[in-house]
Amino acid sequence: MRPTPSQTVGPFFSIGLFARPGNELVSPDDARAVEIAGTVLDGAGAPVPDSMVEIWQSESGWGRCGADGDGTFHFITVRPGAARDQAPHIEVLVFARGLLKAVRTRIYFPDEEEANAADPLLAALEPIERATLVAVPEAGRLRFDVHLQGERQTAFFAL
Amino acid sequence: MAESIRTASDEEWAGADPLYDSTAYRSTGLRAPRKPLIILPEHLDDPTGPAFGESDVTALDADLTRQSEGDPLGERIIVTGRVTDTTGRPVRNTLIEIWQANAAGRYAHQVDQHPAPLDPNFAGAGRCLTDGEGRYRFVTVKPGAYPWGNHENAWRPAHIHLSVFGRAFTERLVTQMYFPGDPLFPFDPIFQSVRDPRDQQLLISSFDWETTVPEWALGYRFDIVLGGPRATPLDPE
């Protein structure tokens, strides 16, 4: 059977998709809590306010955050463990007006140098692509910006 | 030794889906990724995907006409169908979320400035879980068409937005359901972003006598098939 084609979420998805808060996978008071924040940016470097980000980790579940009018999102989650022979990472989907299909990427952790160096996926990417997948430390949290387009475009996986 | 990772252009990979870069839909201009897509080898993929096990979905969430004191204006409809994978197996207990404009073509969203009336009795959002056969059912009102700024005299055909979780990343789907016979199809760059006319038909619901409830509401059927290009093996590697 042919799959049902994808269509954009459009600009008004928040009325349907944000009935409940979804960006805290654990309590901010949890000793293991990690905060990850970022901005979704277009090819001109402008924030994309009508976008949303979903994350998935097998241990702590699924989260969703709207880009809040200024293109920024943030999550409270826990650091995932190493998965088989891979470095710890978080799965990410980004949806937006102007994206006819979600884009998929991953967040890796900057202080996992050893695991990242040994990761079979990261090792196979060009350095410039690899760098787009590793979060950046920032005042008590991690920053992960998503560049939808342009020279600094985030590495996206085929969906 | 580093293993080699394959990439694909969007054109090579997209299958039934629209290309990210669909210029007639203007907002894709600065947002469509342009670099080749990285094909995650199966053994490095997450086999589970974003499962959604929410327990507080109530029957009332699937009835968009009973979320206020009064009845919303417009033509009451029932939208139902089955969610399956590409082999026809039902996708059970998966979350479907919908959102839509009211009968006048206006969303209950602060950014929507279309000068059509808001309906105090219609918020335009609902959700439900598929049953053991993959079936779902919503009660709502038929949304109106509305203008948008994409090009001169641009109008969106009436549609309901749907988000479906599925069981893996390749099954996560956000799409739009349209109504049969809409005269706006040939003029809508979002509908036309689906390139194959056979795939366009998969986005159009069908009027359904069996679902129609006498003296109460018309029924529309919209079946959903989940599974991206990887659902169909591309090569034997």
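**View 1. Chain A, taken as a whole.** Of the 159 residues in chain A, 51% are buried, where buried means that 20 or more other C-beta atoms, placed from the backbone, lie within 10 Å of the residue's own. This is a predicted model, in which local features need pLDDT of at least 70 and side-chain atom pairs count only at pLDDT 80 or more, while totals for chains, interfaces and linings use all residues. Residues are numbered from 1 along each chain as its sequence is written, with chains lettered from A and ligands numbered from 1 in the order in which they are written. Chain A holds 4 helices and 9 strands; helices (H or I, at least four residues) and strands (E, at least two) are DSSP runs, numbered from the N terminus. Along the principal axes, the C-alpha atoms of chain A fill a box of roughly 40 × 40 × 40 Å. A compact globule of 159 residues would have a radius of gyration near 15 Å, and chain A agrees with its 15 Å. The radius is taken over C-alpha atoms, and the globule rule is 2.2 Å times the number of residues to the power 0.38.

**View 2. An open sheet in chain A.** Here 4 strands of chain A line up in the order 3-2-5-6, with antiparallel pairing. At the edges are strand 3 (61-66) and strand 6 of chain A, each pairing on one side only. Look at strand 2 and strand 5 of chain A, which pair in the antiparallel sense over 6 bridges; two strands count as paired if DSSP finds at least two bridges between them. Within this pair, E54(A) has L93(A) in strand 5 of chain A as its bridge partner.

**View 3. Inside the largest nonpolar core.** Which residues touch the most other members of this core? Among its 94 residues, they are V40(A), V53(A), V94(A) and F95(A). A nonpolar core is a set of buried Ala, Val, Leu, Ile, Met, Phe, Trp, Tyr and Cys residues joined through C-beta atoms within 7 Å. Strand 5 of chain A gives the most to this core, with 6 residues. Zoom in on V53(A): leaving aside residues up to four places away in sequence, V53(A) touches V40(A), C65(A), A67(A), F73(A), V92(A) and V94(A). Two residues are in contact if their C-beta atoms, placed from the backbone, lie within 7 Å.

**View 4. Where chain A meets chain B.** The contact takes 52 residues from chain A and 64 residues from chain B. On the chain A side, the elements that give two or more residues are helix 1 (14-17), strand 2 (51-57), strand 5 (89-96), strand 6 (103-108) and helix 3 (120-124). That side has 32 nonpolar, 13 polar and 7 charged residues. In this count, Ala, Val, Leu, Ile, Met, Phe, Trp, Tyr, Cys and Pro are nonpolar, Asp, Glu, Lys and Arg are charged, and the others, Gly among them, are polar.

View 5. Chain B has 3 helices and 13 strands, and 39% of its 237 residues count as buried. Its C-alpha trace spans about 65 × 45 × 30 Å along the principal axes. An open sheet of 4 strands runs in the order 5-4-9-10 in chain B, with antiparallel pairing. Strand 5 (125-129) and strand 10 of chain B stand at the edges with a single partner strand each, so one side of each is left without a neighbour in the sheet.

View 6. Why is strand 9 (residues 159-164) of chain B largely enclosed by the rest of the structure? Because 6 of its 6 residues are buried. On one side sit H159(B), H161(B) and S163(B), and on the other I160(B), L162(B) and V164(B), so both faces of the strand are covered. In a regular strand the side chains alternate between the two faces of the sheet. Strand 4 (residues 95-100) of chain B runs antiparallel to strand 9 and is joined to it by 5 bridges, with E97(B) opposite S163(B). Strand 10 (residues 173-178) of chain B is also antiparallel to strand 9, through 6 bridges, and here L162(B) stands opposite T175(B).

How values were computed: Buried ≥ 20, exposed ≤ 12 C-beta atoms within 10 Å, placed from the backbone.
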